Amino acid sequence: MEDKLRIDGHKLNYHPDRIMPWVKGKDIYPVYVEIGPTSICNHRCIFCALDYTGYKGKLMDTQVLLNALTEMGKKGVKSIMFGGEGEPTLHKDFSLLVEHAKKNGLDVAITTNGVPFTRKMAESCLPHLSWIKFSIDAGTPETYAKIHGTKAEDFEILMRNIKDCVEIKKMMNLSVKIGTQALLIEENAEEMIVLAEKVKEIGADYLAIKPYSQHPDSSYKFDLDYDKFKGIQKSLEKMNSKEFSIIFRLETMSKLKKDMPYPECYGLPFFALIDAQGNVIPCNMFYNKEDFYYGNLYDNTFTEIWNGKKRKDVVERMHKDGTGSCRENCRLDSINRYLFSLKNPPEHVNFI
């Protein structure tokens, strides 16, 4: 299942219809867009990269977002993921947003802490999803409460909600992947086996173990040596089966503390992020940085913003600035490495 999902790495090479125009210097619409429908969050995780945004309590206007989803579908955007700077499922019309996105030709996914994702919401959303990923980050209620900044009871609520999703998937004969994930830090390392056992027993499709990535603006600071967690990987992967996979993101971990081989961000045309205030921005490095906003959906349509002068100016500025201040192991890192190789091919490429 791990190779099929390919969570560690990228899948841009499966989109030659976007890559070839880009290679020829043409502008393109993104393949994938991440959307934060609200900045409200019910947890205060100790590793939250976006704590500096202040959890402003914004809720994006439903009709504005529905219009944008319709337009993105028409312009050839392939997929959207609801996540963002808050807990996406707290948006009052969340199920409607998911259904509308799918009806407009978009593959849809959710990353969530899962506590507000009730059975009723699951019944509405799961038929329209490609995948849903629950962030758990601990194997016991006590550790979960400390890491997620919440009450221990939320752990049991989350586990019940995941179990409900598994039951609904089987009952409706759905193809949606029900995933779980944990960000590996010192505070939870000893509980990864326990966590894996629990989510496997519930019936989740996989558990992804990912490394911490320091956001330059976050007040949380972790300095981790992932070499010492290799023993955990071997123990975890013994739990792999036909129905369940451990995805230990070793490739991503191995790139920590290493220089980026690419001088600029080549991935910008293939990706966009929309925050809870309707701003269309390059990536999560630029929350709260108005100088880098492409535009706002309350003022202009997605098409107007994407084709507008402001976006072109921001992209040009970012190319000139380079990657010196970028987030380590950012969302576009694997894509950038791939695109850099296309820009700088080895000799004798015709001898395949």
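Trainee: What volume does the second largest pocket have?

Mentor: This model is predicted, and in it the second largest pocket has a volume of about 300 Å³.

Trainee: Which residues lie nearest the centre of that pocket?

Mentor: To read a pocket, one looks at its lining. Here 14 residues line the second largest pocket, and Trp22, Asp27, Pro269, Val315 and His319 lie nearest its centre. Helix H12, residues 309-321, supplies the largest share of this lining, namely five residues.

Trainee: How many residues of each class does the lining of the second largest pocket have?

Mentor: The lining of the second largest pocket has seven charged, five nonpolar and two polar residues.

Trainee: How many cavities of 30 Å³ or more does a search of the whole structure find?

Mentor: A cavity, unlike a pocket, is a space from which the probe cannot get out. The search finds one cavity of 30 Å³ or more. The largest cavity has a volume of about 50 Å³. Among the residues lining the largest cavity are Ser39, Lys56, Glu85, Asp275 and Tyr287. By class, this lining has four charged, four polar and one nonpolar residue.

Trainee: Let us turn to the core. How many residues does the largest nonpolar core have, and which have the most contacts inside it?

Mentor: The largest nonpolar core has 109 residues, and Met72, Ile80, Phe117 and Leu126 have the most contacts inside it. Helix H7, residues 153-172, gives the most to this core, with seven residues. A second, separate core has five residues, including Ile7, Tyr206, Ala208 and Ile247.

Trainee: Which residues is isoleucine 80 in contact with, leaving aside its neighbours within four places in sequence?

Mentor: With those neighbours left aside, the contacts of isoleucine 80 include Tyr32, Val33, Ile35, Leu69, Met72, Leu106 and Val108.

Trainee: Why is helix H6 described as largely enclosed by the rest of the structure?

Mentor: One asks how many of its residues are buried, that is, under 20% relative accessible area. Helix H6 spans residues 141-148, and six of its eight residues are buried, so the helix is largely enclosed by the rest of the structure. The buried residues are Pro141, Thr143, Tyr144, Ala145, Ile147 and His148. They pack against H7 and strand E4, residues 131-135. Just after H6, glycine 149 takes a positive phi of about 60°.

Trainee: How many disulfides does a search of the whole structure find?

Mentor: A disulfide requires two cysteine sulfur atoms within 2.5 Å. The search of the whole structure finds zero disulfides. For cysteine 283, the closest cysteine sulfur is that of cysteine 330, 6.3 Å away, which is too far for a bond. Cysteine 330 is likewise in no disulfide, and its nearest cysteine sulfur, in cysteine 265, is 6.0 Å away.

Trainee: What relative accessibility do cysteine 283 and cysteine 330 have?

Mentor: Cysteine 283 has 16% relative accessibility and therefore counts as buried. Cysteine 330, at 22%, counts as partly exposed.

Terms used. Residues numbered from 1 in each chain as written. Predicted model: local features only at pLDDT ≥ 70, side-chain atom pairs only at ≥ 80, totals over all residues. Heavy atoms only, no water. Buried < 20%, exposed > 50% of the residue type's maximum accessible area, 1.4 Å probe, protein only. Core = buried A, V, L, I, M, F, W, Y, C linked by side-chain atoms within 4.5 Å. Helix = DSSP H or I, 4+ residues; strand = E, 2+ residues; numbered from the N terminus. Contact = heavy atoms within 4.5 Å. 1 Å grid on protein atoms, 1.4 Å probe; cavity = no way out; pocket = protein on both sides within 12 Å on 5 of 7 lines; lining within 4 Å. Points joined across faces, edges and corners; volume = space filled by probe spheres on them. Nonpolar A, V, L, I, M, F, W, Y, C, P; charged D, E, K, R; others polar.
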